[in-house]
Structures are given as structure tokens and as C-alpha cells.
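Subject: Structure handover

Hello,

Please find the structure below, together with its sequence. My notes on what was found in it follow.

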Amino acid sequence: MTRRVLVIVGISVAVLLGVTLGTHRALAHKERHTPEQLKIFDEVFLEQVRIGDLLFHGDGETEKKMGVSLSKTGMACAMCHPFASDTHPYEFPKFQEQIEKFGTLRDMINWCIEKPQEGVRIDADSDAMKALEAYIYWANRGSRLDPGRH
Amino acid sequence: MDSLERERRELDTILRRPGERPDSSVRIDRRTFLHKSIVCGTAVGAASFGWFPLLNTLDVAYGAETFKFAWISDNHLYPKDVNTRFVEKAVRAVEEVQAMTPPADFLIHGGDIAQLGDPVEIALGSDILKEAKIRKVFIPGEHDWYLDMGATWRKHFGDPNWTFDHKGVRFIGLDTVSRAPDYWSATKMSPKERMGAMATLDGSIGGPWAGVGSDQLKWLNHTLSSWPKDRPVIVFSHNPLYEYYPPWNFWVRDWREVQEILRPYTNVTNVHGHTHQVLYNEIGKMRSIGMLATSWPWPYAPEGVPDLTKCMVRADPGDYFDGMGWARLTVTAAERVQNEYMMFGRKPQNVFGEALADSGCADNVNQELHPRIADRGWYSKD
């Protein structure tokens, strides 16, 4: 190997390393989070929990604002699930008997909307679904993960 | 130790003194024995359980003739055009009571005939109950009360508390719902808002609304004072008369005073609604049975159920009759009060969850719950 080739290889490795390290640095948030940042993260999350709580408890105004119709029977999720009990978010995914398939919490939320509540199912990635999911998980925080349990 | 735990310990200390339980004349028969065996997990109980499905049978001692009465409650009716399912289920319960042979001596309605206290809802319930041609007595639930503070309910059903003697038993109906601390005036709630807060079981705005109240306690004391201490007393109340789960008002806040009054009486049975589930407990000398709803079943309390409760089966949410029903209670000359849960569409042996996976109690395994967040800011509202 000539000296010229060695120099080119050396420069290429240095460039590659630089690019890699630089990119890594940009993606990994190596800077410490400030208390203000953490507060914002928390607020963003809890606002979704709050919205989900309202939807879960049948708040008509919130439904209207979000363009969803979760119930036509007067029933709300919380009527069978006070404190989001027996929603078992920590058991999903699992085989869900009611829908006869391996499903997620979001599948079951839609089942409850359509069957007991006779409402209109919501998109699995919609804001309303994410908010409902946020509330259910938050209310069940500290529960032990047990996916697949019936 | 948080306040709830302190409260629990206090209840145990005061009311579960060593050796204290219902009067010894309250016989433990085979069914009750088997029940206790199952609670303890012994082989004999497990092996024999299938033969004795009605494990919440009570046995209280007294001499009188056999008679039956029926309980219906927690219909939570909306107007017909909003929800026909709740109407169907209330109608079914009333039809089944009416079809009892021999007929029940009376029907007790245990409250929450309406969902939002709407006069249309209460009138609908009143009409449905008219189909039961037997004698009827009524106590209110919180859902019946807080739109107009009981005005419509009273118009249809009369006084919210009462007493009568029937074939050797003193029956007492208590009003455990109308004495909520005033949570509405300071925040200028409309009647609908007041009712809405009360209608949310897991809400925090209504606070510890369930209670008997000092005036009614005096009345209870006076009512019982003329009754021999060893004679049977059956007390109907919407809420349980002990502390089961205060955050959902599965209690009365003045349970200490209630128990103090009941303590001298050795054959007291409390039959209550509100919890929408199979429930049984013994506190001091009082036995307590929770009734099914016709509307929907509540889950068991997150912190567990009384040890003596044989848990109900997990209801199928795809079947809107499942897990719900009414109750048939028999007071026998052979010194028994038997309770049969008449769960819609289920044979008696399928009311209780035998297998762990089918039990309403086992359903809560791994679960930790936290109160709501969205109603905490209400008091800051103008």
C-alpha cells in the first residue's frame, strides 16, 4: 500500500468518525434536561390525560370539540370502569375474547365504544384515542405488566 | 400510614373484637361452613362447592312463618329515547318478581331508579314498578335525589325512611343519600351540575356524601328501642352500613354511630344496593349483603373485597344482561334468611366465579389505580 493510499484511507476514516459522532450527538440529547423542559414534557402528557379523563367520563363538550361521538346510550366508559379499573392496559396485547382476535387496548376501546355505548368508533391513531389511552395508562400507573393475561 | 388505612384499622379495632360475631343463635349451617372453608382454601370446601351454589345464604335465628320478599335496585333509567336497554332490564326484573310463586310478600326498591334524577326518568321507573302488583316499599339512591333534592322522588314514593313489622321481623328503610355536605352553593352549581357531580361514582366533587345523619340516627335509635334485642331486624339502605370503599361511597361516613346503635341487637341483617355486585360481610353483630343492579355491574373495590365475600363471576360486557339482576330473599320458619341472587340468564351455580380466571376478584390482579385528574380544578371555576 502506498503512502498516498494510506493518507486517503486515514482521512476517510476521520471524516466518517466525525460525521457519525456528530450525528449521534445531535440525536442523543447529551445535554442535561432542564427542569423547565421536564415540566413541559409533564404538562404535555398530563393535558392529554385530562382530555382522556373527560372523554372517559362522557364529557359532551370535549367530544364535540374533538369531533367524536363515543356514546349514544348515555353510558360512559367510567360507568363500568371507575378509576379506569378493570381496563387492564397492562395486559395488552392479548387474545381478546369479545373481538375474537389478538388485539390491543385500542381495539378494545373501540369495541366498548361500539357495543355497550353504541357510539362511533374512532381512528386508532386519532387524538381522541391517544388521549383515552393516556388517561387509562395514567390511572393504572404502578400496575404490573402482564401481557397476554386473560 | 394514610388516612384510609388508619380508618380501616379503626374499623377493625372497634368492630372486630376477638370473638365478636353475630349471635350464637345464628346457626352456622353446612352452606355457611362450606363457604368459610372455601375462603380458607381447604380441600373439603373446594371439593364440595359445586353442590352448594347459594353460598351467600344467611342464617338468623327467630321463630316465625316462612315468607319471601324481593329486592330490585340500581336501574339507572334514562328517558326511553336515550337508552332502551336499561328499560328492558328493569322491566325484566319486575316481570320476574311478579312471576314468583308463591308471590313475594313485598318488593323493596333500593334506590337509583333514575340516572340523572330527571322527572321523566323517575316517572318511567314508577310506571315500570307498577307492573309488580304486590306491596312495594322504596328508599332513595343518590341518582334519584340531587336534581331537585328529592322533590320528584318523594312525590312518587313517599318518605325516604320508614319502619314496619312483618311476621316477626322489624324492617327499617334508611335514607343514606340525602345528607351530602353542600358542595354546590359556594361554587354556584346549577341543579344539573350538582346532579352530574353526584352521578359520577369516581368523582371527587360530591365528597363523602353517603351518611345516615344525626337526625336519622336518633330516629333509628328510637325506632329500635321498642324492639327486643334478640329479635330479627332487617335494615335496607342504598349504601352499605360499613366501610368498604369510601372513594366510591361504598360506605356511610357515620358508620361508627350506626354500629353503636345496632350493637345491642343480635340479629341484624343489612341489605344494600349501590355497589352493583355480589357482596357479603359481617361487621360486629351485623350481617351485610350487597345486591345486584339491573343496569351495569361495578368492579370490585381496588383494595379488595371482604374476606367473607364469595366473588361473583366476571360479567360478559358483550351481553348487556350479564352480571345484573335482582334478589329473592326468603325468611324461613326454620330460622333462616336466605338470599338468592337472580342474575339474568345465569343458573345459580354460575353467579359466583369458581375458576380464578372467571372471578371478579381475580380480575384485579396486578392492578394499581389512581383517582381522576379532570375534576380536581372544579373549585377554581368562577
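In what order do the six strands of the open sheet in chain B run? The order is β4-β5-β6-β7-β9-β8, and the pairing is mixed. Before the rest, some conventions. This is a predicted model, in which local features need pLDDT of at least 70 and side-chain atom pairs count only at pLDDT 80 or more, while totals for chains, interfaces and linings use all residues. Residues are numbered from 1 along each chain as its sequence is written, and chains are lettered from A and ligands numbered from 1 in the order in which they are written.

Sheets in chain B

Strands here are DSSP runs (E, at least two residues), as helices are (H or I, at least four residues), numbered from the N terminus. Two strands pair if DSSP finds at least two bridges between them. Within β9(B), B:M286 is the residue opposite B:I283.

Strand β1 (residues 67-72) of chain B has pairings of both senses. With β10 (residues 325-332) of chain B the pairing is antiparallel, over five bridges, and B:W71 has B:A327 in β10(B) as its bridge partner. With β2 (residues 106-109) of chain B the pairing is parallel, over four bridges, and B:A70 has B:L107 in β2(B) as its bridge partner. Together with helix α4 (residues 84-98) of chain B, β1(B) and β2(B) make a right-handed β-α-β unit (right-handed: with the strands pointing away from the viewer, the path from the first strand over the helix to the second runs clockwise). The loop between α4 and β2 of chain B holds B:P102, and the peptide bond from B:T101 to B:P102 is cis, with omega near -5 degrees.

Helix packing

Axes are lines fitted to C-alpha atoms, for helices over the stretch in contact, and angles run from 0 to 180 degrees between N-to-C directions. Angles under 35 degrees count as roughly parallel, over 145 as roughly antiparallel, 65 to 115 as roughly perpendicular and the rest as oblique. Residues are in contact if their C-beta atoms, placed from the backbone, lie within 7 Å. Ala, Val, Leu, Ile, Met, Phe, Trp, Tyr, Cys and Pro count as nonpolar, Asp, Glu, Lys and Arg as charged, and the others, Gly among them, as polar.

In chain B, the axes of α9 (residues 214-225) and α10 (residues 255-262) come within 10 Å and cross at roughly 10 degrees. That makes α9(B) roughly parallel to α10(B). On the α9(B) side the contact has B:L217, B:L220, B:N221 and B:L224, which meet B:E257, B:V258 and B:I261 of α10(B). This contact has five nonpolar, one polar and one charged residues.

In chain A, α2(A) and α6(A) have axes 7 Å apart and pack at an angle of about 95 degrees. That makes α2(A) roughly perpendicular to α6(A). Residues that meet there include A:F45 and A:V49 in α2(A) and A:A131 and A:Y135 in α6(A). The contact has eleven nonpolar, two polar and two charged residues.

Helix α5 (residues 105-114) of chain A also packs with α6(A), at an angle of about 105 degrees and with the axes 11 Å apart. α5(A) and α6(A) are therefore roughly perpendicular to each other. A:L105, A:R106 and A:I109 of α5(A) make this contact with A:M129, A:L132, A:E133 and A:I136 of α6(A).

Between the chains

Chain A has 28 residues in contact with 27 residues of chain B. On the chain A side, α2(A) gives the most, with five residues. That side has twelve nonpolar, nine polar and seven charged residues.

Confidence in chain A

The mean pLDDT (the predictor's confidence in each residue, from 0 to 100) of chain A is 88, and 81% of its residues reach 70 or more. Within chain A, confidence is lowest in α1 (residues 3-27), at a mean of 53, and highest in α6 (residues 127-139), at 98. Over residues 17-25 of chain A, pLDDT stays under 50. Where pLDDT is low, the predicted coordinates should not be read in detail.

Regards

Methods
Contact = placed C-beta atoms within 7 Å.
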